[in-house]
Amino acid sequence: MVENKNWWKNEVVYQIYPKSFKDTNNDGIGDIKGITDKLPYLSDLGVTMLWICPIFTSPMVDNGYDIANFEGINPEFGSMSDFDELLEKADNLGIKIILDLVINHTSDEHPWFKAALADKNSKYRDYYIFKKGTERPNNWRSIFGGSVWEKVPGEDTYYLHVFDKRQPDLNWENEAVRKELYAMINRWLEKGIAGFRIDSITFIKKDQDYSSLPADGADGLVSCKFKTRNRPGIEVFLKELRHETFDRFNCVTIGEAPGVEYKDFSQFIGKDGYFSMIFDFHYADIDVESGSDWFKRTNWTAQEFKELLAASQQALQQAGWGANFIENHDQPRALSKLVAPGFQTPASAKGIGAMYFFLRGTPFIYQGQELGMINAVRESISEFDDISSIDNYYRSMNEGFSEKEALNFVNLRSRDNTRTPMPWNNTKYGGFSTVEPWLGMTEEYPAINAESNEVVDWYKAMIALRQSSDISACLSKGDIYFMENVSDNIIGYWREWEGQRIYSLTNLSTAKEIVNLDQDIQTVFLDSHNELNAGKKIELLPYQSILFN
């Protein structure tokens with residue numbers, strides 16, 4: 001590992017959903033060998049670090065985020081020797097590997113939970129959160145819908161699950177649990193991975209009163225996030241987690257941190273923060289009022305998005321370092337979310353890509369984003385695999401929406417939108433597999449794939465500018481400042497480092513926009529639409545983005 005403690009600031013991260021990346025054993029499901037097979041593609045793209053979603057032993061109720069063995073490889077993805085080969089070949093190409101760390105909960109098939117159910121006097125009963133009683137302890141709703149409490153068969157006892165009932169929450173109040181988790185984390189780091197993206201970490205502390213709150217839905221329940229997310233006392237656990245694991249290695253950690261207020265960012269990513277960087281969801285979830293209630297849609301504007309983005313960047317800059325993204329495995333395709341119908345073109349994909357890629361922080365690219373992929377449109381709820389999509393479909397109708405409206409909500413927001421198989425070429429099943437994939441692909445894949453794709457070339461150019469050009473220091477190290485004298489539809493900012501300034505302008509609307517500059521443009525480094533009249537007065541086409549000085 002490099003000696004620089006802040007080496008991760010210089011990375012470009014590519015997120016892989018292993019089940020959907022590349023199938024090499026012809027079962028319709030992606031695997032570790034498929035990732036290894038495509039390392040040259042990723043190296044050519046310019047990627048320096050891979051974040052691989054869970055590959056651990058799992059019944060796959062929540063596509064791997066329900067872990068039955070933290071140190072085993074799920075057979076459908078391959079073996080530990082396959083992973084070792086991936087690690088070695090990635091290292092030969094200068095690519096680091098980070099894994100998902102899921103330590104808020106386990107699968108109900110984990111040996112700890114099985115032992116807890118089998119014997120109420122087992123020490124493992126205290127590894128989870130059980131409450132005795134003939135009725136559910138409170139009215140909290142899980143993230144995936146329904147009560148957070150599931151009855152233990154044959155007992156007047158319930159166990160807590162913030163997510164699915166087959167994902168029981170670990171009891172972080174129990175020191176024995178924490179020590180087991182820390183030992184596991186250290187063994188993975190000793191193996192040679194570069195670090196972790198840390199899943200749902202703000203949920204590990206629960207309010208110990210376990211009291212009910214006023215209902216916020218037709219089901220009579222209330223979102224559990226008010227009592228289980230980023231609660232007072234979580235700082236004790238997070239400091240201990242860092243001290244017992246991450247501080248012992250020169251690794252990178254990226255916290256999934258919904259619910260963290262900007263005033264608390266320094267605790268998470270400051271000089272003595274819990275993590276290297278965090279994901280901020282304030283602007284990412286602009287299309288819905290709540291990330292788990294998809295029927296609560298918003299009529300957001302470009303100005304609102306710009307204000308949220310600027311506030312996020314300023315908070316991150318003041319506190320530490322951020323992980324910038326417009327797509328991930330829990331989000332819809334950015335081209336479908338951020339760009340109006342009729343304008344969802346390769347040029348627009350390049351435009352919104354440039355809008356975020358040069359923000360201050362480490363850029364993350366989700367698989368297929370660099371192809372300009374869009375959401376799938378599914379005709380029936382039976383075509384969805386994602387448990388959150390199925391929950392939102394039925395909850396929408398319970399809230400009074402029609403079946404058609406409910407399906408539309410799910411199509412717009414479903415996590416299956418970014419989990420569809422990666423199209424590598426225009427052959428049947430897009431070169432992902434030779435058999436029908438586990439999840440239906442988008443209809444556009446014969447035309448939108450990794451071969452001869454102008455959006456891929458654009459991402460290569462963006463990465464090269466950030467990583468290995470005369471302006472790379474400014475783009476990777478520079479401070480960020482947002483322009484105020486531009487249209488509400490224009491997202492404008494500049495990066496500044498040692499006297500050098502690089503400007504970014506993006507038109508996030510369906511109308512042409514005029515921008516008046518203080519001086520003529522000297523150099524245009526990137527132009528998403530290749531239609532720019534350089535000068536003090538410039539006209540930006542819908543979703544056009546330019547990078548210049």
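Predicted model: local features only at pLDDT ≥ 70, side-chain atom pairs only at ≥ 80, totals over all residues.

User: Glad to have it in view. How do the residues lining the largest pocket divide by class?

Analyst: The lining of the largest pocket has 11 nonpolar, 11 polar and 11 charged residues. The volume of this pocket is about 780 Å³. Its lining has 33 residues, and those closest to the centre are Arg-229, Pro-258, Asp-285, Gly-291 and Ser-292.

User: Which residues lie nearest the centre of the second largest pocket?

Analyst: Ser-336, Gln-344, Asn-375, Val-377 and Leu-412 lie nearest its centre, out of 28 lining residues. This pocket has a volume of about 540 Å³. By class, its lining has 13 nonpolar, 9 polar and 6 charged residues. Helix H10 (334–338) and helix H13 (403–413) each supply at least two of the lining residues.

User: Which domains supply at least three residues each to the lining of the second largest pocket?

Analyst: They are domain 1 (9–106 + 175–461) and domain 3 (474–548). The division of the protein also has a domain 2, at 111–160.

User: How do you know that domain 1 and domain 2 are in contact?

Analyst: The test is whether heavy atoms lie within 4.5 Å. By that test, 33 residues of domain 1 are in contact with 21 residues of domain 2. The centres of these two domains, taken over C-alpha atoms, are 28 Å apart.

User: What makes a space a cavity rather than a pocket?

Analyst: In a cavity the 1.4 Å probe fits but cannot get out, whereas a pocket is an open set. There are 4 cavities of 30 Å³ or more. The largest cavity holds about 50 Å³ of space. Among the residues lining the largest cavity are Ile-326, Glu-327, Leu-335, Met-373 and Tyr-459. Helices H10 and H11 (346–357) each supply at least two residues of this lining, which divides into 7 nonpolar, 2 polar and 1 charged.

User: What lines the second largest cavity?

Analyst: Its lining is made of Tyr-283, Ala-284, Phe-305, Phe-325, Ile-326, Lys-337 and Leu-338. By class that gives 6 nonpolar, no polar and 1 charged residues. Lys counts as charged, so Lys-337 is the charged one. The space in this cavity is about 50 Å³.

User: Why is Tyr-210 called buried?

Analyst: Tyr-210 has a relative accessibility of 8%. Beyond its sequence neighbours within four places, Tyr-210 is in contact with residues including Ile-129, Lys-131, Trp-140, Trp-149 and Leu-160. The C-alpha atoms of Tyr-210 and Asn-139 are separated by 9.5 Å, although the two residues are 71 apart along the chain.

User: Why is Glu-498 called exposed?

Analyst: The relative accessible area of Glu-498 is 72%. Glu-498 is in the loop between strand E19 (490–497) and strand E20 (500–507). Its phi is positive, about 50°, although Glu-498 is not a glycine. Tyr-210 likewise is not a glycine and has a positive phi of about 50°.

User: What makes a group of residues a nonpolar core?

Analyst: Members must be buried residues from a set list, joined through side-chain atoms within 4.5 Å. The largest core has 138 residues, and Tyr-14, Leu-42, Leu-50, Phe-83, Leu-99, Phe-196 and Phe-246 touch the most other members. There is also a second, separate core of 15 residues, including Ile-129, Trp-140, Leu-160 and Val-222. In soluble globular proteins, nonpolar side chains tend to be buried together.

User: Which residues is Leu-99 in contact with, leaving aside neighbours within four places in sequence?

Analyst: Leu-99 is in contact with Ile-52, Ile-55, Phe-56, Phe-83, Trp-188, Ile-193, Gly-195, Phe-196 and Arg-197.

Notes:
Residues numbered from 1 in each chain as written. Heavy atoms only, no water. Buried < 20%, exposed > 50% of the residue type's maximum accessible area, 1.4 Å probe, protein only. 1 Å grid on protein atoms, 1.4 Å probe; cavity = no way out; pocket = protein on both sides within 12 Å on 5 of 7 lines; lining within 4 Å. Points joined across faces, edges and corners; volume = space filled by probe spheres on them. Helix = DSSP H or I, 4+ residues; strand = E, 2+ residues; numbered from the N terminus. Domains from an automatic or database assignment.
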